[in-house]
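Subject: Structure handover

Hello,

Here is the structure I promised to pass on. Please open it first, then read the notes below.

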Amino acid sequence: MASDNNKLSLDSIRDSLIRQEDTIIFNLIERIKYPITPTLYKEASSSSWNISGSLFHYLFQETEALHSKVGRYLSAEENPFFPDKLPASIIPPSKCTPVLHPAAECVNVNEKILDVYKKQLLPLFCTDQADDEENFATTASCDIQLLQALSRRIHYGKFVAEVKFRDCTDQYKPLILAKDRDALMKLLTFEAVEEVVKKRVAKKAFVFGQQVTLNIDDNTKEAKYKVDPSLVSRLYDEWIMPLTKLVEVEYLLRRLD
Ligand SMILES: O=C(O)C(=O)C[C@]1(C(=O)O)C=C[C@@H](O)C=C1
């Protein structure tokens with residue numbers, strides 16, 4: 001969708017952001033089935049595993065390398081976490097006209113996303129602090145899928161910014177030329193939209209995280225949810241939307257290069 005210039009509108013981009021909420025919430029529910037598993041993220045040098053860095057880092061880098069070979073990062077919607085380590089794609093690039101300005105390639109906030117994920121999000125969502133040795137690989141695979149979904153959503157800010165720039169070039173141009181970050185941030189912010197996003201993701205977390213049973217008596221029991229809806233709302237409020245807006249500003253600042 002985001003590679004089709006004709007269909008580019010703020011509504012279509014927002015529809016995609018809404019659909020991506022489902023992916024993020026389902027991936028979050030999958031990841032928090034497992035405990036935090038701190039050993040996964042520790043340097044493996046002290047263990048008998050023959051790798052440098054942590055097991056999580058090793059699996060993530062190898063996963064990205066494999067995905068790169070089959071063309072994942074040729075898509076403007078995908079942004080690698082380890083851009084310096086990617087092998088070339090065996091698939092040729094698409095012949096479609098790119099939607100984004102070429103400077104989009106320089107905007108990548110994955111380092112920040114990874115830092116926030118390990119230091120703030122995992123401790124917030126995973127209530128069990130233990131290790132689950134039997135599920136190291138499965139847990140790390142869940143991390144990778146969730147991080148890729150978060151990264152895709154946050155970097156979608158480039159498409160949002162492109163549409164806003166095309167729709168209101170006269171308003172954006174002087175602010176870009178003046179490199180006025182604060183004014184750009186103000187112009188691209190829609191507080192009413194953000195309020196709706198926060199409410200909708202909480203409702204989705206509530207609906208997707210319910211225990212579904214066929215027994216009518218179970219409805220009277222106290223409901224248990226797989227993820228706390230208020231935390232999902234906070235995830236969007238404190239991390240996902242601010243980082244999306246950061247991507248929007250960074251993209252706009254380069255839009256006239
Ligand atoms: O929908 C937009 O206009 C966006 O820029 C996306 C988004 C978001 O991240 O959801 C970010 C900033 C706006 O204030 C509202 C929503």
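A search of the whole structure finds seven aromatic pairs. Here, rings of Phe, Tyr and Trp (its six-membered ring) pair if their centres lie within 6.5 Å; planes under 30 degrees apart count as stacked, over 60 as edge-to-face and the rest as tilted.

Take Phe 60 and Phe 82. Their ring centres are 5.4 Å apart and their planes stand at 90 degrees, so this pair is edge-to-face. It links distant parts of the chain: Phe 60 sits in helix α2 (residues 55–69), while Phe 82 sits in the loop between α2 and α3 (110–125), 22 residues apart. Phe 60 has 0% relative accessibility, so it counts as buried. Phe 82 has 11% and therefore also counts as buried. Buried means under 20% relative accessible area, exposed over 50%, and partly exposed in between (1.4 Å probe, protein chains only).

A second pair is Tyr 156 with Phe 159. Their ring centres are 5.1 Å apart and their planes are at 40 degrees, so the pair is tilted. Both Tyr 156 and Phe 159 are buried.

There is also an aromatic cluster. Tyr 41, Phe 56, Phe 60, Phe 81 and Phe 82 make it up.

Before you go further, some ground rules. This is a predicted model: local features need pLDDT of at least 70, side-chain atom pairs count only at pLDDT 80 or more, and totals for chains, interfaces and linings use all residues. Residues are numbered from 1 along each chain as its sequence is written, and side-chain values use heavy atoms, with hydrogens and water left out.

Now the whole chain. It has nine helices and zero strands. Helices (H or I, at least four residues) and strands (E, at least two) are DSSP runs, numbered from the N terminus.

The C-alpha trace spans about 55 × 50 × 35 Å along its principal axes. Of the 257 residues, 46% count as buried.

Last, charge. The chain has 34 positive and 38 negative side chains, and the centres of the two sets lie 3 Å apart. Lys and Arg count as positive and Asp and Glu as negative; His and the chain ends are not counted. Each charge is placed at NZ of Lys, CZ of Arg, CG of Asp or CD of Glu.

Best wishes
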